[in-house]
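Good morning, colleagues. Please look at the structure on the screen, and I shall take you through its main features.

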Amino acid sequence: MTDSRKRYEAWHAALPVDLAVEAPWHLLVLAHLNPTDDLQDRDVLELACGRGGFARHLVTLARPRRLVAEDFETAAVRMGHATGTRLRGLHWVGGDAQALPHPDASFDTIISCETIEHVPDPGQAVREFARVLRPGGRLFLTTPNYLGGFGVYRLYRWATRRPYTEEGQPINHVMHWFRIVRALRRAGLRARVLDGIGHYLPIPRRAPLRLLTLDGMRWLTRWTALHAFVLAEKP
């Protein structure tokens, strides 16, 4: 087992099962998801499902033909499976986002929240998403965007030789809108909707301060919001 995998296993094992669906990235997906078109009688893949809270919520919105909740870490899959075994159509799978264990064109809808920034090669992960997505299928993707205040803070941490991590995760790539859209285009996907929310003022040794006034100006500031969302389609 690689060092990063050992650290991810320990990270998941120390966290509770995530029953609540209130993270900013989940709310962004739900704001653009159409349960009838994207879930009902569809084959759905949720990547990096964590301990499974969002996957369980999705199967309550509609009845997918199959919803595969997949994560790199066996600890996360084991915890999700233990609390979601009775939900019809929900399957738990271990797998690597950069080498998905699924045939080409096997899913109608793919949901990936806060995933690609934590794998060694984000572009390869997006290419795998495109590979297993059916023509006409839709990808709901969220990832941090460091074009705003947290990007400045991350540069400050780098300049002062203090490593920056997202809640202790081993791999933390610098993602931004240009890199996100480029990865989608290179994978043959078309970005249909771009959205974002979450403006924060980093405060040393304290929780960041949420700048709600900026959040209310989404038409102007979504490009600098920390939480980036893309709805992409496969031609």
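In which loop does D41 lie? D41 is in the loop between helix 3 (35-39) and strand 1. Helices (H or I, at least four residues) and strands (E, at least two) are DSSP runs, numbered from the N terminus. Before I continue, please note that this is a predicted model, in which local features need pLDDT of at least 70, side-chain atom pairs count only at pLDDT 80 or more, and totals for chains, interfaces and linings use all residues. Residues are numbered from 1 along each chain as its sequence is written, and side-chain values use heavy atoms, with hydrogens and water left out.

To return to D41, its phi is near 60°, a positive value in a residue other than glycine. Most residues other than glycine have a negative phi. D41 counts as partly exposed, because its relative accessibility is 44%. On this scale buried means under 20% relative accessible area, exposed means over 50%, and partly exposed lies in between (1.4 Å probe, protein chains only). A48 also has a positive phi, near 55°, and is placed in the loop between strand 1 and helix 4. With 31% relative accessibility, A48 counts as partly exposed.

Let me turn to the protein as a whole. It has 10 helices and 9 strands, and 50% of its 235 residues count as buried. Among contacts (heavy atoms within 4.5 Å) with a separation of 6 or more, 74% are between residues 24 or more positions apart.

Next, the interior. A nonpolar core is a set of buried Ala, Val, Leu, Ile, Met, Phe, Trp, Tyr and Cys residues joined through side-chain atoms within 4.5 Å. The largest such core has 28 residues, of which L45, I110, F129, L139, I180, L184 and L189 touch the most other members. Two or more residues come from each of strand 1 (43-47), strand 4 (107-113), helix 6 (122-132), strand 5 (133-144), helix 8 (177-186) and strand 9 (227-233). Apart from this core lies another, of 21 residues, including L33, F54, I111 and F229.

Just after helix 8, G188 takes a positive phi of about 85°.

How do helix 2 and helix 4 pack, and at roughly what angle do their axes cross? The axes of helix 2 (residues 24-32) and helix 4 (residues 53-61) come within 12 Å and cross at roughly 20°. Here axes are lines fitted to C-alpha atoms, for helices over the stretch in contact, and angles run from 0 to 180 degrees between N-to-C directions. The crossing angle therefore makes helix 2 roughly parallel to helix 4, a description used for angles under 35 degrees. At this pairing, H26, V29 and L30 in helix 2 meet F54, H57 and L61 in helix 4.

Finally, A69 is found in strand 2 (residues 66-71). A69 is buried, with a relative accessible area of 0%. Leaving out residues up to four places away in sequence, A69 touches E46, C49, A55, L90, H91, W92 and V93.

Technical notes: Parallel < 35°, antiparallel > 145°, perpendicular 65-115°, else oblique.
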